[in-house]
Amino acid sequence: MRRVAVLALGLALGLASPSGLVASAAVAKIGVRDYEFTPSGAAGVVGDTVSWKWADGLQAAHDVYEDHRLFRSQTTAVSGTTFKRTPSAGTFHYYCTLHGGPSGGMDGTLRIAPTTNDGPAGAPFVVVWATGTRTGSAFDVQYRKAGGLWRNWRTDTAALAGTFGKQGAPITVQPGEIYEFRARSQADASSPTRVSGWSPTASYTAA
């Protein structure tokens, strides 16, 4: 059975502006061992850092390669090597190119959710889908009222965050309503096939 490391959700995140983000981040540590990543699954929120570390006594070289080349490490057998990323929102499957593949083998998965933050008056509010070092430069973001149909909010945007409900766009936020968000990351707006899976859902109850 695969082991899953779950990072603390709801981390404090200070927002100077949608493009000026300061995060208080947690760190997920993943071991690169012969023929396995331990743990093979990690979940967290935007602003968290993921660190892969090559274990002692390796008998073979390994690397970390995301299915769509959204991140890739060097290939090495040197113990103590580290590879770090602060992922943007999405679900990212990765593997060792020498001992795995998109369908399995020596592989793992990251699931990174967006975060939501109060606006100056509580509503509208801010949704953050990327900070700092990230896994892509264009993002798709969807929203829905809790349990409803997903609708596009941002498509191929280079922005890292947005104010939801600002001047009624995409909708007028209603106090007491629960809004849900998911996002995915892609290499750039011109590479529609180099895109992550959708992220876990983040929710916000409007004041």
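Arg 72 is partly exposed, with 46% of relative accessible area. Its salt-bridge partner is Asp 63, and Asp 63 is buried at 0% relative accessibility. The model is predicted. Four salt bridges turn up in a search of the whole structure.

**Arg 72 and Asp 63**

- The closest N and O atoms of Arg 72 and Asp 63 are 3.9 Å apart.
- That distance falls within the 4 Å cut-off, so the pair counts as a salt bridge.
- Asp 63 is called buried because its 0% lies under the 20% limit.
- Arg 72, at 46%, lies between the 20% and 50% limits, so it is classed as partly exposed.

**Arg 184 and Asp 140**

- The side chains of Arg 184 and Asp 140 form a salt bridge, at 2.9 Å from N to O.
- This pair links distant parts of the chain, 44 residues apart.
- Arg 184 sits in strand β17, residues 178-186, and Asp 140 sits in strand β14, residues 138-145.
- Arg 184 is partly exposed at 26% relative accessibility.
- Asp 140 is buried at 7% relative accessibility.

**Glu 180 and Arg 144**

- A salt bridge joins Glu 180 to Arg 144, with 2.6 Å between the closest N and O atoms.
- Glu 180 belongs to strand β17 and Arg 144 to strand β14, so this pair ties together parts 36 residues apart in sequence.
- Both residues, Glu 180 and Arg 144, are buried.

**What brings such pairs together**

- Side chains of opposite charge can pair when their charged atoms come close.

**Strands β13 and β16**

- Strand β13 covers residues 125-128.
- Strands β13 and β16 run antiparallel and are joined by four bridges.
- Phe 125 stands opposite Phe 164, a residue of β16.

Key
Residues are numbered from 1 along each chain as its sequence is written. This is a predicted model: local features need pLDDT of at least 70, side-chain atom pairs count only at pLDDT 80 or more; totals for chains, interfaces and linings use all residues. Side-chain values use heavy atoms; hydrogens and water are left out. Buried means under 20% relative accessible area, exposed over 50%, partly exposed in between (1.4 Å probe, protein chains only). Helices (H or I, at least four residues) and strands (E, at least two) are DSSP runs, numbered from the N terminus. Two strands pair if DSSP finds at least two bridges between them.
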